[in-house]
Amino acid sequence: MLLKPYRETLALPKVPSLLVVATLARIPIAAAAVVLTLHVVTDMGRGYGAAGLVGAAATVGGSFGAPVMGRLIDRRGLRPVLVLTTVAEVIYWLVAQALPYWALLPVAVVGGFLALPAFSVARQSIAALTPESHRLPAFALDSMTTELSFMAGPALGVLIATSAAGPRVAMLTLAGGILLAGLGLWLLNPPTRAEHEAPVSAGERVARRDWLKPRFVAILAVTMAATLVLSGTDVSVVAVLRESGELTWSGLVMSLWALFSLIGGFAYGTVRRGLPVLAIFIPMAVLTIPVGLGGSHWWLLALLLIPAGALCAPTITASSAAISRMIPAAARGEAMGLHNSALTVGVALGGPLAGLAIDNLGPKWGFVAVGTVGVLVALLVLPAALRHRNADAASAAAEPGIPADLEADLDVPASPAELDQTSAPAVPDLVPSPAGSARA
């Protein structure tokens, strides 16, 4: 019974091949940041601050580029965008390894802007390939395979860059990896629209004002806060273990943390009714705050990371599923691009925020800083989310004969009898309705 949602989801046409190709395509992308850092520090002889500036330049470019590439997919289709971004990113990695530092900064912005949109394309295609009853386990699988890509990518990047080959060869290897990733996605050509939705060739247009609404922005804010907490935790773990003289255990602690996330993501994908994003994220942020108390022993630190770590993948899964439900098909690419930008911006902000707290207050305060910021973001969006949920509940109560599909759009809680007859009802967006949310 536990595996039934996954078996049913993986039995859907094209879903297994999409997950495999997307996982492999994300590996070189996941390796990019660490390889670029080692190139600036090792080959150019500059400091980590200079390397951070190059990474920030690529992040800025990617944050603006992801929604633009998504909009192009909505308007022109997937394959033209794959050709554009694959060629552009391959050229970027071939050229970047030979550039002086002053030229690398602006080129990194362009490279980030035209980066291969493997992450957002996978999520957009999952929304097109899966019925709503199977979307939660599908996005859970996507989050878990993303975790695997980020476990493999940086490790492979470091292995090549620190070997006799060196960072420049690692950058050339990334060019080859991106070429294979883009080619794989081009050959697979996963659909970006479901069969019952208007195809890209129909030229359907949706104005931003029709979908770029406060509840969508709220989910983006929570998504950004979630990755801020995650990236800040990365930095804080290293700082705490370094202070206690147990830095050699950092790799194991990080691996265990990723494993906790994988287990949490797997468990979340089996629930019959998904939880709201805030219901998962708020505990994750709160439970991150005291993690630094275990800094004197690596095993205690790993144990304290279990609760927050187990909520990492479910938070990203819930945010992806919520966006897939509220956005019309003709704007899904741009919306998923904005979601990807929120993820990227959070990663970019978390490290510096934790570092600032660590430098001024001590290593344990890195966890406190990012966890507290996460809680504050959640509290800022909570009133708007509650108003939205209450309005939907009132609307549903005023129309007792509301059709089932419209009921799902309004996030009306299903009755116990309906839950017994449905394998995976719709995923709520941000907070539970007054009647709460059911979970198997």
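A contact here means heavy atoms within 4.5 Å. With that in hand, here are some notes on the model, point by point.

1. First, the ground rules. This is a predicted model, in which local features need pLDDT of at least 70 and side-chain atom pairs count only at pLDDT 80 or more, while totals for chains, interfaces and linings use all residues. Residues are numbered from 1 along each chain as its sequence is written, and side-chain values use heavy atoms, with hydrogens and water left out.

2. Let's start with Ser 244, in the loop between helix 9 and helix 10 (helices are DSSP runs of H or I, at least four residues, numbered from the N terminus). Ser 244 touches Gly 295 and Ser 296, leaving aside residues up to four places away in sequence. Ser 244 and Gly 295 are 51 residues apart in sequence, yet their C-alpha atoms are 6.8 Å apart in space. With a relative accessible area of 29%, Ser 244 is partly exposed (buried means under 20%, exposed over 50%, partly exposed in between, using a 1.4 Å probe and protein chains only).

3. Two residues deserve a look at their backbone. Most residues other than glycine have a negative phi. Lys 14, however, has a phi near 75°; this residue sits in the loop between helix 1 (4-10) and helix 2 (15-43), and its 49% relative accessibility makes it partly exposed. Asn 189 also has a positive phi, of about 45°. Asn 189 belongs to the loop between helix 8 (167-188) and helix 9 (214-243) and is partly exposed at 32% relative accessibility.

4. As for Leu 305, its contacts beyond four places in sequence are Thr 233, Val 237, Val 253, Trp 257, Phe 260 and Val 291.

5. Ser 324 lies in helix 13 (residues 312-326) and is buried, at 3% relative accessibility.

6. A cavity is a set of points, on a 1 Å grid over the protein atoms alone, where a 1.4 Å probe fits but cannot get out, and its lining residues have an atom within 4 Å of a point. The largest cavity holds about 60 Å³, the volume being the space filled by probe spheres set on the points. Its lining includes Arg 71, Asp 74, Arg 75, Trp 211 and Glu 334. Helix 3 (residues 48-76) gives the most to this lining, with three residues. By class, the lining has four nonpolar, no polar and seven charged residues.

7. Finally, the charged pairs. The structure holds eight salt bridges, each a side-chain nitrogen of Lys or Arg within 4 Å of a carboxyl oxygen of Asp or Glu. In one of them, Arg 26 pairs with Asp 142, the closest N and O atoms being 2.7 Å apart. This pair links distant parts of the chain, with Arg 26 in helix 2 and Asp 142 in helix 7 (residues 132-161), 116 residues apart. Both Arg 26 and Asp 142 are buried.

8. Another bridge joins Arg 332 and Glu 197, again with the closest N and O atoms 2.7 Å apart. Arg 332 is in helix 14 (residues 332-361) and Glu 197 in the loop between helix 8 and helix 9, 135 residues apart. Arg 332 is buried at 3% relative accessibility, and Glu 197 is buried at 18%. Salt bridges that share partners also join Arg 26, Arg 123 and Asp 142 into one network.

Key: Helices (H or I, at least four residues) and strands (E, at least two) are DSSP runs, numbered from the N terminus. On a 1 Å grid over the protein atoms alone, a cavity is a set of points where a 1.4 Å probe fits but cannot get out, and a pocket is an open set with protein on both sides within 12 Å along at least five of seven lines; lining residues have an atom within 4 Å of a point. Ala, Val, Leu, Ile, Met, Phe, Trp, Tyr, Cys and Pro count as nonpolar, Asp, Glu, Lys and Arg as charged, and the others, Gly among them, as polar.
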